[in-house]
Amino acid sequence: MFLRSTYLATSVALLSILGPTSTLAQVAAPATAWEPAPASEGNTASVAGSRSQWESTFGDTLWFYDAQRSGVLPDNFRVTWRNDSVLTDGQSVDLDLSGGFFDAGNMVKFIHPLSWVLTQIAHSALLHGDAYTTAEQEYYLDSTLRNGLGWIMNASSQPDELYVAIGNQSTYWGGDLGIPEPRQIFSVGRDRPGTDVFAGSAAALAAAAMIYAGTPLPLSQTENGTVPAGLLDTAYATELRERALVLMDLATTAEPQQVYQDATDGVDWAYPSSNYYDEIVLGAAFTAMATGNISLVTTALDAYDFGAFPTRDGVLNWDTKDPLVPSLLARLSVAMPDADSRTDFARFQADSEVWLDLLVNGTMDETMMTPGGLAWWEDYSTSSSLNPALNAALLCLWSADLTSNSTKSSSYLSWAQGQVDYTLGRNPLNTVYQVGLHPNSATNPQSSLASGGDNIDKIDTEPLVERWVLYGAVVGGPNSQDQYYDLRSEWQQSEPALDTVSPMVGIAAYFVNQGSSAPEPFYVGLTAARVVPRRPRAGLSGGAIAGIVVGVILALAILGAAMWFFMSRRSPLAASRRRRKFMQG
Ligand SMILES: *[C@@H]1O[C@H](CO)[C@@H](O)[C@H](O)[C@H]1NC(C)=O
Ligand SMILES: *[C@@H]1O[C@H](CO)[C@@H](O)[C@H](O)[C@H]1NC(C)=O
Ligand SMILES: *[C@@H]1O[C@H](CO)[C@@H](O)[C@H](O)[C@H]1NC(C)=O
């Protein structure tokens with residue numbers, strides 16, 4: 001609403017640049033595919049001249065995105081146990097939306113988390129792009145980006161329309177050949193806007209356009225990041241940034257400005273969005289930097305001023321990008337210093353430090369450390385607990401080059417190191433929460449594809465051992481007492497998703513970029529036995545037990561038991577992915 005007077009829509013002129021796009025990769029596939037090392041090699045110290053442990057971790061993260069692909073797979077695909085899948089996605093609206101990625105273990109596709117994930121990966125490649133080259137990941141970065149970007153390009157290829165989700169809250173648990181089709185599809189449009197998804201998708205396309213144009217982000221006030229040179233493709237960059245402009249036009253001119261689940265029924269069970277200011281800043285800032293469009297700098301700064309930034313608490317995740325926003329505007333202020341009188345590096349540097357300082361000093365509201373040292377956000381960390389911690393860790397690593405003094409930089413770096421170490425084995429259970437890296441890695445990520453199981457009622461036992469290793473998957477994470485049961489049915493703990501892995505892409509790229517001065521990942525040399533605690537008897541709720549104890553009638557007990565049975569059957573998928581329902585902070 002606040003932007004209305006700024007732009008009068010010119011959507012007619014934009015029609016010419018709509019339409020699907022080429023998905024041909026720029027980087028040639030390597031003669032021999034990069035394959036994950038077996039977990040048994042997790043204790044082998046890195047030696048100069050061969051694949052380092054950080055390169056292993058890094059490569060595995062991108063391998064995970066291959067395992068999550070949907071649609072037609074490329075020839076000689078390295079994830080040999082995957083098949084072409086759900087080719088009918090989009091047919092009911094005359095689009096091919098069969099590509100892209102499955103969000104998690106439940107096979108749905110959602111543009112809101114997808115665009116965040118692509119933005120986060122692209123952001124990493126605009127700061128530490130050399131790492132992708134060093135670790136021989138250019139091809140996998142390119143193919144991962146194009147697979148996601150191509151899906152967004154297709155989903156936005158009809159005028160004034162954006163497809164935002166495919167699939168519903170079904171309870172399908174099985175392989176990739178049996179997914180029930182056709183699947184439900186959900187969209188927003190100019191007449192029923194999803195301001196957050198318009199702008200969030202623009203952010204992903206524009207950030208990637210910068211990679212394909214060879215334009216790095218400023219690393220600090222005086223130094224640029226690096227981009228992986230092999231991805232240079234200026235024609236593709238042009239396609240991406242033109243579509244980003246179309247989507248930013250929708251984000252700023254379609255009324256009313258609102259979150260996407262207000263525009264379409266049937267999507268708020270999974271990834272409800274809390275607001276759209278953060279996405280507007282991200283989308284406008286990246287699109288401005290990708291295109292040189294100065295009025296979008298104004299859009300970004302207006303949204304920043306209107307949206308009560310900087311934030312003093314809350315998480316950084318697929319929904320809430322607020323803690324990242326000031327640092328991006330600091331970089332924009334370096335890249336486009338004359339664009340607006342408000343592009344003031346020192347202001348955004350200071351704003352960026354507000355959230356980070358509260359975090360690393362342990363004084364942020366509603367946060368704590370678990371006894372074992374995992375950063376914990378009340379209300380948010382009860383599922384996918386590692387995700388906000390790793391997102392924060394990555395922001396700390398990225399921000400250490402932007403600070404006003406070296407004391408802050410070292411405190412950010414050491415806080416980040418603590419969370420990364422925890423994830424990679426420095427925790428009370430000696431568990432490595434990334435699959436396939438080490439003998440102590442978690443082994444039962446909640447993925448029906450990797451598990452090979454097809455009986456939801458026996459999700460933990462059929463099969464007992466996952467059929468395939470889902471390399472690179474960062475699982476949800478332990479509970480607030482550092483307990484992790486490694487059970488598929490405990491989806492809050494065991495479910496990996498596109499967005500649980502993407503911070504680790506950036507973290508690993510950061511450490512690869514440090515070269516031999518980086519410490520080894522914590523798991524190297526971890527020989528203490530892994531502890532897998534037994535899940536406490538799930539059983540009846542406290543209320544039901546109390547009811548029995550005081551002799552409430554039998555019918556009530558039966559009802560309680562029936563409810564528990566119902567919930568325990570449904571929870572692995574039914575409640576899956578509804579990670580948090582927010583109040584605005
Ligand atoms: C892929 O297809 C093969 C049969 O051709 C099947 O055995 C395998 O389970 C399928 N993979 C998945 C992930 O469902
Ligand atoms: C950073 O990159 C931009 C765009 O490529 C360039 O114009 C600028 O001069 C570079 N700045 C530094 C400090 O190298
Ligand atoms: C800059 O962005 C605005 C807002 O999306 C748009 O209306 C305008 O046409 C763009 N300018 C150029 C030169 O692309």
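In which crossing, left-handed or right-handed, does H5 pass H7?

Modeller: The model is a predicted one, and in it H5 passes H7 in a left-handed crossing. A general point comes first. Two packed helices are described by the angle between their axes and by the distance between those axes.

For H5 and helix H7, which spans residues 234-253, the packing angle is about 45 degrees and the axes are 11 Å apart. Angles under 35 degrees count as roughly parallel and those from 65 to 115 as roughly perpendicular, so H5 is oblique to H7. On the H5 side, the residues that take part are Arg-146, Leu-149, Gly-150 and Met-153, and they meet Tyr-236, Glu-239, Leu-240 and Arg-243 of H7. Sorted by class, the residues of this contact comprise four nonpolar, one polar and three charged.

In general, strands of a sheet pair through backbone hydrogen bonds, in either a parallel or an antiparallel manner. Here, S1 and strand S2 (residues 161-166) run antiparallel and are joined by two bridges. Phe-110 has Ala-165 in S2 as its bridge partner.

Most residues other than glycine have a negative phi, and most peptide bonds are trans. In the loop between S2 and S3 one finds Pro-182; a cis peptide bond joins Glu-181 to this proline, with omega about -5 degrees. Pro-256 belongs to the loop between H7 and helix H8 (277-291), and the bond that joins Glu-255 and Pro-256 is likewise cis, with omega about 0 degrees. The loop between H2 and S1 holds Asn-76. Although Asn-76 is not a glycine, its phi is positive, at about 50 degrees.

Helix H13 (residues 406-423) and helix H16 (residues 498-513) pack at an angle of about 115 degrees, and their axes are 12 Å apart. H13, too, passes H16 in a left-handed crossing. In this contact Leu-413, Gln-417, Val-420 and Thr-423 of H13 meet Met-504, Ile-507, Tyr-510 and Phe-511 of H16. By class, the contact has six nonpolar, two polar and no charged residues.

H16 has a further neighbour in helix H3, residues 111-127: the two axes come within 9 Å and cross at roughly 5 degrees. This angle is under 35 degrees, which means that H3 is roughly parallel to H16. Among the contact residues are Leu-114, Trp-116 and Val-117 of H3, and Leu-498, Asp-499 and Ser-502 of H16. The residues of this contact divide into eight nonpolar, four polar and one charged.

Notes. Residues numbered from 1 in each chain as written. Chains lettered and ligands numbered in written order. Predicted model: local features only at pLDDT ≥ 70, side-chain atom pairs only at ≥ 80, totals over all residues. Heavy atoms only, no water. Pairing = 2+ DSSP bridges. Helix = DSSP H or I, 4+ residues; strand = E, 2+ residues; numbered from the N terminus. Axes fitted to C-alpha atoms, helices over the stretch in contact; angles between N-to-C directions. Parallel < 35°, antiparallel > 145°, perpendicular 65-115°, else oblique. Left-handed = near helix turned anticlockwise from the far one by under 90°. Contact = heavy atoms within 4.5 Å. Nonpolar A, V, L, I, M, F, W, Y, C, P; charged D, E, K, R; others polar.
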